Amino acid sequence: TTVTISGYTGAGRIYVCNSSSISDVAGNTASSGTLTDNANMYLDNTKPTLSVSVSSGTTYSSSKTATITLADPNSGLAAGTYTIKYAWGTSTQACSSMTQTATITAAKGDTSKSTTVTISGYTGAGRIYVCNSSSISDVAGNTASSGTLTDNANMYLDNTKPTLSVSVSSGTTYSSSKTATITLADPNSGLAAGTYTIKYAWGT
């Protein structure tokens with residue numbers, strides 16, 4: 001008889017055993033529970049995955065690189081060129097609104113293929129979001145549908161200059177003298193270590 005095995009993933013074998021004794025016409029008997037496994041069976045029922053990673057993601061810099069990876073460790077990716085959309089944001093980015101793209105070309109059976117993109121021009125404690133604009137398949141026919149969103153990568157960027165400000169309490173009340181508070185600030189990566197000289201003057 002023929003049986004179909006499905007729903008599993010991995011490099012395995014098929015095992016069979018008789019749940020009752022098996023006899024032949026001459027009276028020979030194979031006892032119940034006889035185990036046989038002499039058959040390799042490699043199965044893949046797991047979709048390819050899309051991931052993104054960033055080194056030193058929570059350390060601020062003006063730009064960062066992110067590595068976008070397609071992977072299928074079992075049957076491998078189906079041959080093709082896959083378009084990946086990506087965006088940086090401090091809140092979740094919708095796949096439909098992403099405008100930046102990268103491509104990954106895979107040969108049949110590749111278990112992992114990556115590409116690197118550079119993100120710059122933004123400021124804040126954010127993340128990079130990626131999604132596949134078309135379906136991604138593996139050799140066994142499993143498919144990750146288009147629009148699968150992944151964001152597992154912090155990416156802190158700072159492209160905003162430090163600020164210099166001055167404030168005075170009760171500034172419109174006359175007195176013979178007043179104090180002013182001069183402040184340097186950078187709410188993202190923070191000020192670089194150093195001693196800064198600030199010039200000041202009063203005038204009408």
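Buried means under 20% relative accessible area, exposed means over 50%, and partly exposed lies in between (1.4 Å probe, protein chains only). Strands here are DSSP runs of E with at least two residues, helices are runs of H or I with at least four, and both are numbered from the N terminus.

A word on the model: it is predicted, so local features need pLDDT of at least 70 and side-chain atom pairs count only at pLDDT 80 or more, while totals for chains, interfaces and linings use all residues. Residues are numbered from 1 along each chain as its sequence is written, and side-chain values use heavy atoms, with hydrogens and water left out.

## The partners of β12

Which strands pair with β12? Among them are β9, β16 and β15. Two strands are said to pair if DSSP finds at least two bridges between them. β9 and β12 are antiparallel and share six bridges; here Lys85 stands opposite Cys131 of β12.

Strand β16 (residues 154–157) also runs antiparallel to β12, joined to it by four bridges. Arg127 has Asn154 as its bridge partner in β16. With strand β15 (residues 149–150), β12 pairs in the antiparallel sense over two bridges, and there Val130 has Thr150 as its bridge partner.

## The disulfide

How many disulfides does a search of the whole structure find? The search finds one, where a disulfide is a pair of cysteine sulfur atoms within 2.5 Å. In general terms, this is a covalent bond between the sulfur atoms of two cysteines. The pair is Cys95 and Cys131, with sulfur atoms 1.9 Å apart. Distant parts of the chain are linked in this way: Cys95 sits in the loop between β9 (80–89) and β10 (100–106), Cys131 belongs to β12 (residues 124–132), and the two are 36 residues apart.

Both Cys95 and Cys131 are buried. The torsion about their S-S bond is about 65 degrees, so the disulfide is right-handed.

## A three-stranded open sheet

Elsewhere, three strands form an open sheet in the order β7-β8-β11, with antiparallel pairing. Its edge strands are β7 (49–53) and β11 (112–120), each of which pairs on one side only. Neighbouring strands of this sheet are turned by 20 degrees against each other on average, direction ignored; axes are lines fitted to C-alpha atoms (for helices over the stretch in contact), and angles run from 0 to 180 degrees between N-to-C directions.

Five bridges join β7 to the antiparallel strand β8 (residues 63–71), and Ser53 finds its bridge partner in Thr67 of β8. Thr115 and Val52 are 63 residues apart along the chain, with their C-alpha atoms separated by 9.7 Å.

## Two loop residues

The loop between β7 and β8 holds Ser56. For context, most residues other than glycine have a negative phi. Ser56 is exposed, with a relative accessible area of 52%.

Lys108 belongs to the loop between β10 and β11 and counts as exposed at 66% relative accessibility. Lys108 and Ala78 lie 30 residues apart in sequence, and their C-alpha atoms are 4.8 Å apart in space.

## A nonpolar surface patch

Leu164, Val166, Ile182, Leu184, Leu191, Tyr196 and Tyr200 make a nonpolar surface patch of about 730 Å². Patches are made of residues with over 30% relative accessible area and no salt bridge, joining like charges within 9 Å and nonpolar side chains (Val, Leu, Ile, Met, Phe, Trp, Tyr) within 5 Å. A salt bridge is a side-chain nitrogen of Lys or Arg within 4 Å of a carboxyl oxygen of Asp or Glu. Areas come from the Shrake-Rupley method with a 1.4 Å probe; for residues, only the protein chains shown count as cover.

The elements giving two or more residues to this nonpolar patch are β17 (163–168) and β18 (180–185). Leu191, in the segment after β18, counts as partly exposed at 41% relative accessibility. Tyr200 also lies in the segment after β18 and is exposed, with a relative accessible area of 71%. From Tyr200 to Thr36, the C-alpha atoms are 90 Å apart in space, and the residues are 164 apart in sequence.
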